[in-house]
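The sequence and the model come first, and the discussion follows.

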Amino acid sequence: MDQIGPVEAPVVEDPPQRRAERRTQPPKPTSRAGRDLPAAVGVGVLLGAVVAAGLFVRREIFVGIVALAMIIAVWELRQALAERSIYMPLVPVGIGAVSMTVAAYLRGPEALVLATTLSLVAVVVWRVADGLDGALRDVSAGAFTLLYPCFLAGFAALMVAEPEGQWRILAFILITVFSDIGGYAVGVVLGKHPMAPALSPKKSWEGFAGSALTCSLVGAITIPLTFETGQWWHGALLGLVVAPVATIGDLVESSIKRDLRIKDMSNILPGHGGLMDRLDSLALVAPVVWAALRLISPVT
């Protein structure tokens, strides 16, 4: 009997008119820095509105938003690490991320440390119970994720639980976000000298100067408006501290992505990439602002 091979589908070429339309179709608009700027701005405004609504309606809603953000961040990191055959234990890390956020809000810094420790133990037990082959690699990935970003995000829960918590979070987000905005705007227009070309080719020293200036200005305006004991120079100094920390957070994220050979952590946020691509600076800045605001506006 003759063997019948797979039948190849005929190649159908587009008519000339269709090809001409495709050639003349305008490309998706992007900025000089490579972002789809309208989508990025729209998503940023939407995220800000959601956070603000939760923050000023009930603090518990904001804590829930932080916990949900950590679950998404854990999922993104697990997907990214799997590209290099590293399989973080998803269940204990996800449960740990939520428990750390809730513990920080309800019981303070000691509870955050305790919840983090118990979560680390849970990751080890969970992964070792599945076998020892590759366990050290996977446990290390789980421990890294619990510390970055989950433990760092716990400081946002600590801030909102304190007196004037909503205003602490507002100051924290405004100063940090304007670090990115100022650095982006100045870097696009004036950026000529790369800061770390091996990690982030588009990040420049001019952009960093813009970030520091913007942070300092926003801090000088925000702190005296939101805290009775706050002075303009408190905010200006805080902004000068936040700018380099936020930049380091961005570079840390860039180094992780470069090591994993991916462009973005995911594509769930149009114009931004993944949620972790937006949390990188916020996560590292959170403990710095928490400590600074306790000095500017002491907790009684």
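How many aromatic pairs does the count come to? In this predicted model, the count comes to 5 aromatic pairs.

A pair of aromatic rings is described by the distance of the centres together with the angle of the planes. The rings of F56 and W167 have centres 5.3 Å apart and planes at 65°, and because planes over 60 degrees apart count as edge-to-face, this pair is placed in that class. With F56 in helix 2 (residues 37–57) and W167 in helix 7 (residues 165–190), the pair ties together parts that are 111 residues apart in sequence.

For the rings of F144 and Y148, the centres are 5.7 Å apart and the planes stand at 45°, so that the pair is tilted. Both residues belong to helix 6 (residues 135–161), where F144 and Y148 are 4 residues apart and hence separated by about one helical turn.

| Residue | Relative accessible area | Class |
|---|---|---|
| F56 | 39% | partly exposed |
| W167 | 38% | partly exposed |
| F144 | 35% | partly exposed |
| Y148 | 7% | buried |

Note on methods: Residues numbered from 1 in each chain as written. Predicted model: local features only at pLDDT ≥ 70, side-chain atom pairs only at ≥ 80, totals over all residues. Heavy atoms only, no water. Phe/Tyr/Trp six-rings, centres within 6.5 Å; stacked < 30°, edge-to-face > 60°. Helix = DSSP H or I, 4+ residues; strand = E, 2+ residues; numbered from the N terminus. Buried < 20%, exposed > 50% of the residue type's maximum accessible area, 1.4 Å probe, protein only.
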